[in-house]
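Open the model in your viewer and keep the selection tool ready. We will go from stop to stop.

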Amino acid sequence: MATPLLDVQNVSKRFGERVLFQGISFSVAEGQHVGLIAQNGTGKSTLLSMLTGDESVDEGEIIYRNGIRVGYLRQEPVFPKNATVLEACFHGVDADDDAQLKAKQILTQLRIRDLQQPVEQLSGGQQKRIALAQTLISNPDLLILDEPTNHLDLEMVEWLEGFLQRGNKTLLMVTHDRFFLDNVCSVILELDNKTIYTYRGSYSYYLEKRQQRLDALAANIQHANNLYRRELEWMRRQPQARGHKARYREEAFYELEKVAKQRIEDRQIRLKASNVYIGSKIFECQYVSKTFPSRDGIEPGKTILKNFYYNFARFEKMGIVGNNGTGKSTFIKLLLGIVPVDDGKFDIGETVRFGYFSQEGLQFDEQQKVIDVVRDIADYIDLGQGRHFSASQFLQHFLFTPEQQYNYVYKLSGGEKRKLYLCTVLMKNPNFLVLDEPTNDLDIKTLQILEEYLQDFPGCVIVVSHDRYFMDKVVDHLLVFKGEGEIKDFPGNYTQFREWTKLQPKEEKTTAKQQKDNTEQKQKKPNNSDKRKMSYKEKREFEQLEKDIDTLTEEKTQIETELSSGTISVERITELSKRLPIINEQIEEKETRWLELAEIEA
């Protein structure tokens, strides 16, 4: 078989006494889409830094195939000083005509339109999107992506999903977006208990096989425990002077003890509060309007709400979705009184106690211990009916071990700090939770705990999130922000909304697209080339390209599955290894042409 693009052999890493991973090995073959998942603080970002040379390896080797180019999307991108958007995109990349065309297409999809704007003037989310565009444009042989869906709205996430599915690039990524993992990745690497487990399938396949692994491990531990008890009795009965056989048995005993004392971190309880009370009157949004004036005072301002009415029901769990910039976060700030309304008002019930998790709220005394941060809010949380959780128990429920609780905040990873911030919001025992992008940087296990918590929460919830899986599990109702004050009230979760959208008459969807196109057209400088539409022949070619790309991608997936099965002959391996690069080249050619035609259509 061909040499993998990336081969990690027996790599270990520790910081002082703390071992992050020990002797881990895995490889990434050409064309594979690999997802890496792990709990916050277990070393995912450190591992990526080691792969890219930013962090040293204690033991083992990281080997790349000779001559390959690696594109790396960092969580915190760095750009050249004073660079414009276009300069940042092509930093270290040859900006030929094809690359410029691809750049404009990708930036348009990520809603970055002013290519001459200095990057320093952009928000952190916009900078992350430019870094994503730069990584995709650089045309590397191997893409390493750290949380690529953070700061993307749902429409962008779905576009990126399709882009990576159609592409022929080799991909290794860290993401906690489970729909994204399931739709894009065909191999899952799980970093758990200081080692790596490989699952050759989608996220759904991983869930099934991981449970089988844990069941087998639990059975093994139970068996070892039974033997351990018997051996312990034997050890206690033996005199101090032992023969060779006894010493051999003693050594085996200590090995057995290691297995018996393993722990499987598997929470069996759900944190259900029954003492949260919220009255029948929650809040009424009474014909509220809000518009932000334009910077120059000449162009029309940005309308967030336009005479908007809504009466929030008791125990309602609402999701808010929409493209970036349509006013989702502003709506929450209007409700909480952080931003004043222009007209109308929010009439809020007397019993309502808000708990607000904001995108900007991550502020701690870094020199405090984790447990003290939570104890400063409350020593315990009252669950009602005589039950309560101490601050330590509450933190442990959200996967802070007793050891981690006595760490200083500055030692936490970014994801662990987000999780601690979430705990501080929940520890205040609110009856109305307002969560603005709570899923960013949280690991999958924490997301599952939060989902359970919100499903059982006996108050009201509003969630703004681009995590489709999370939204489907938590919310029963949507407000869809379409921009310029247009808001759709939809009774269902996100997947149901997408299915409903597909069933709408074509005329309605075309009208919506035309309105979007007209808005984008106003923002562009006049250019005769913008007026060109696809010819009939080009439209047919565009449709055929999509079919060809799907067919080739399916064949490529089948070849990869066969090559990784380990059951085929050398002759078949040779045949498939010759066919794979041909398919990759065909996909790349067709995708480039698809992008060219898509640019005309846009």
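Select Phe 283, Phe 308, Tyr 310, Phe 312, Phe 331, Phe 346, Phe 354, Phe 432 and Phe 481: together they form one aromatic cluster. Remember as you look that this is a predicted model.

How far apart are the centres of the rings of Phe 331 and Phe 346? The answer is 6.1 Å. Their planes meet at 70°, and planes over 60 degrees apart count as edge-to-face, so this pair is edge-to-face. Phe 331 belongs to helix H9 (residues 328-335), while Phe 346 belongs to strand E13 (residues 343-348). The two are 15 residues apart, and the pair links distant parts of the chain. Both Phe 331 and Phe 346 are buried.

The structure holds 24 aromatic pairs in total. For another one, select Trp 159 and Phe 163. Here the ring centres lie 5.2 Å apart and the planes stand at 35°, so the pair is tilted. Why are Trp 159 and Phe 163 separated by about one helical turn? Because they are 4 residues apart in helix H5 (residues 154-166). In general, an α-helix has 3.6 residues a turn, so residues three or four places apart point the same way. Trp 159 and Phe 163 are both buried.

Stay here and select the whole of H5. Is H5 largely enclosed or open? Of its 13 residues, 10 are buried, so H5 is largely enclosed by the rest of the structure. Among the buried ones are Leu 154, Met 156, Val 157 and Leu 160. Glu 161 and Arg 166 are buried too. Next, go to the start of H5. A side-chain oxygen of Asp 153 comes within 3.2 Å of the backbone nitrogen of Glu 155.

Next come charges over rings. Select Lys 290 and Phe 292. The charged end of Lys 290 sits over the ring of Phe 292, 5.1 Å from the ring's centre. Then select Lys 419 and Phe 400. Lys 419 lies over the face of Phe 400, at 4.7 Å from the ring centre.

For the last stop, select Asp 372 in helix H10 (residues 370-375). Is Asp 372 buried or partly exposed? With a relative accessible area of 30%, Asp 372 is partly exposed. Asp 372 and Tyr 406 are 34 residues apart along the chain, and their C-alpha atoms are separated by 8.4 Å.

Notes
Residues numbered from 1 in each chain as written. Predicted model: local features only at pLDDT ≥ 70, side-chain atom pairs only at ≥ 80, totals over all residues. Heavy atoms only, no water. Phe/Tyr/Trp six-rings, centres within 6.5 Å; stacked < 30°, edge-to-face > 60°. Buried < 20%, exposed > 50% of the residue type's maximum accessible area, 1.4 Å probe, protein only. Lys NZ or Arg CZ within 6 Å of the ring centre and 35° of its normal. Polar contact = N/O pair within 3.5 Å; in protein donor to acceptor, adjacent residues only side chain to side chain.
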